[in-house]
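Visitor: I would like to go through this model and ask what stands behind each label. Please show it first.

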Amino acid sequence: MSNTHDLIIVGAGPGGHAAAEQAARLGAKVAIIEKNQWGGTCTYRGCVPTKALLACSKQYMNIKKLRRLGISTGEVSFDYTAMKRHQQQMVTVSSLGVQKSLKDAGVNLIYGEGKITNPGEVLCISPQGDAQRLVADNIIVAWGSEPLFPSHIKLSQRILTSDGFLALDTLPESVIIVGGSVIGVEFATFLAELGVKVTIVELLDQIIPCEDEESAAFLRQELTRLGIAIHTSARMETLQEIPNVVHLKAIQKTQALELKADYALMCTGRKPVLLFDELNQCGIEYDRKGIIVNENQRTSSEGIYAVGDVTGGVMLAHRAIQQGRAVASYLNGDRSIKYSEEAIPSVIYTHPGVARVGLTERQASEKGLNVETRKVEYAANIMARTELKGNGFVKAIFYEGRLIGVTIIGDDAGELIASMSLVVANGMGTKELKNWIIPHPTLSEILHLL
Ligand SMILES: Cc1cc2nc3c(=O)[nH]c(=O)nc-3n(C[C@H](O)[C@H](O)[C@H](O)COP(=O)(O)OP(=O)(O)OC[C@H]3O[C@@H](n4cnc5c(N)ncnc54)[C@H](O)[C@@H]3O)c2cc1C
């Protein structure tokens, strides 16, 4: 294949993948370069492996509930090696799916490290060290992100980030999770459900600090019920590996807190991958949060665009995907696919899950909006009750009849939020919800009560 393309994409995570596939389907000649794994963080170290493990622990817990329905199962046990196999199989399936969809769309897949030398030019170094010069009208940077942790913490065999923790083959007996936001509470759920002694240490006074306070309190109660010890308002001072154990010292409000466990898992955030030499050489502006882009994902350098976690902000796979599709449509299509920051849904895959789109009550009041809040309990829905899912609620925020935010905590929250995203993104509200016909009996009918 010739080295001249319409579009070159560096990085094959969800953002790069979506941009490449969309642009190729629109008729562009596209190359995508990946130096590690096809599918990126999402497939190998993020969405897919964590959800595969959470699916295992959820099914294990669900079996224990079956007695309520008159079903006896005898003694229930699990095989962690088989669970890890499921994790690995799902990663493989996902990665093969990424490669197949790119090939089916006609994208040129190049394995190697891409270096943007100038606008319009990328040098690709193969794993064997061979260099290939590629040229294109446009380039998309989709380098992704990596774990972020305080500089005074030294990673070790027992002090790990999510990357290292997902590579463990055995289940520890005890884990301290530093950081009670999305990644921290998801790991906590799966570990505690499998009987690991879990302690969360969170700096702020609320776990999942970006979410609705009432939902965070509800989740805290549920995690506590699972046996997880949660310390909020606790600032980690030191964390060290001493033979066969980790030792953490923190200050909780004014009290000293000392904890020991087999492992520590750092869930203190993620940062964009910023390759400074290339950014500076090409005149691409960036700040601490990531590469700076305009509303069309264009960087400060003509012909260079950026999508996904490398642009900072809310680091989620579907955000990266929509940015990728939008920039492909902008460059190679009719520009009808748009990306908007306003209505990016987020899902926390705890049990129960927490899902949100748009504003929380607190965010709305910080904007000075006089909102109406409506709340419906899962227990009011007969399908929830029949399926033993009656624990949770939906909270909706309306402004002048328009739905501007929804938070759902309960089973299948992530599925329910999808329809609410459409409502929020399209400025719909009371009028449309009133005329929406929802099949009966379904959990979705909760949304009718809003
Ligand atoms: C534990 C965990 C759980 C998560 N769970 C979810 C979830 O449930 N839902 C959700 O929406 N999001 C989740 N995320 C976040 C999600 O994984 C990211 O938002 C998403 O992967 C970002 O996509 P991206 O395309 O920007 O970058 P990435 O997925 O990070 O991919 C970037 C790719 O670029 C490649 N690359 C970088 N530099 C070069 C180079 N010079 N040459 C060639 N290749 C290069 C990298 O090897 C990598 O494959 C999770 C993240 C973590 C860590």
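Guide: Start with the word cavity: a cavity is a set of grid points where a 1.4 Å probe fits but cannot get out. The model is a predicted one, and a search of the whole structure finds 3 cavities of 30 Å³ or more.

Visitor: How much space lies in the largest cavity, and which residues line the largest cavity?

Guide: The largest cavity holds about 50 Å³ of space. Its lining consists of Leu53, Tyr80, Lys84, Phe165, Leu166, Leu168, Thr170, Phe187 and Phe190. Helices H4 (80-105), H5 (162-166) and H6 (182-193) each supply at least two residues of that lining.

Visitor: What makes up the lining of the largest cavity by class?

Guide: There are 7 nonpolar residues, 1 polar and 1 charged. Lys counts as charged, and Lys84 is among the lining residues.

Visitor: Why is strand S9 called largely enclosed?

Guide: A residue is buried when its relative accessible area is under 20%. In strand S9 (residues 174-178), 5 of the 5 residues are buried, so the rest of the structure largely encloses the strand. In a regular strand, side chains alternate between the two faces of the sheet. Both faces of S9 are covered, with Ser174, Ile176 and Val178 buried on one side and Val175 and Ile177 buried on the other.

Visitor: How do you know that S9 and S10 pair?

Guide: Pairing requires at least two bridges between the strands. S9 and S10 have 5 bridges and pair in the parallel sense. Val178 has Val201 as its bridge partner in S10. Strand S10 (residues 197-201) is joined in turn to S11 by 3 bridges, also in parallel, and there Val201 stands opposite His231.

Visitor: What makes S8 and S11 edge strands?

Guide: The open sheet has 5 strands, paired in parallel, in the order S8-S15-S9-S10-S11. Strands S8 (159-161) and S11 (229-231) each have a single partner strand, so one side of each lacks a neighbour in the sheet. From one strand to the next, the twist averages 20°.

Visitor: How many disulfides does a search of the whole structure find?

Guide: The search finds 0 disulfides. A disulfide needs two cysteine sulfur atoms within 2.5 Å. For Cys56, the closest cysteine sulfur is in Cys47, 17 Å away, which is too far for a bond.

Visitor: Is Cys56 buried or exposed, and what about Cys42?

Guide: The limit for buried is under 20%. Cys56 has a relative accessible area of 13%, so Cys56 is buried. Cys42, at 17% relative accessibility, counts as buried too.

Methods. Residues are numbered from 1 along each chain as its sequence is written. This is a predicted model: local features need pLDDT of at least 70, side-chain atom pairs count only at pLDDT 80 or more; totals for chains, interfaces and linings use all residues. Side-chain values use heavy atoms; hydrogens and water are left out. Helices (H or I, at least four residues) and strands (E, at least two) are DSSP runs, numbered from the N terminus. Axes are lines fitted to C-alpha atoms, for helices over the stretch in contact, and angles run from 0 to 180 degrees between N-to-C directions. Buried means under 20% relative accessible area, exposed over 50%, partly exposed in between (1.4 Å probe, protein chains only). On a 1 Å grid over the protein atoms alone, a cavity is a set of points where a 1.4 Å probe fits but cannot get out, and a pocket is an open set with protein on both sides within 12 Å along at least five of seven lines; lining residues have an atom within 4 Å of a point. Grid points are joined across faces, edges and corners, and a volume is the space filled by probe spheres set on the points.
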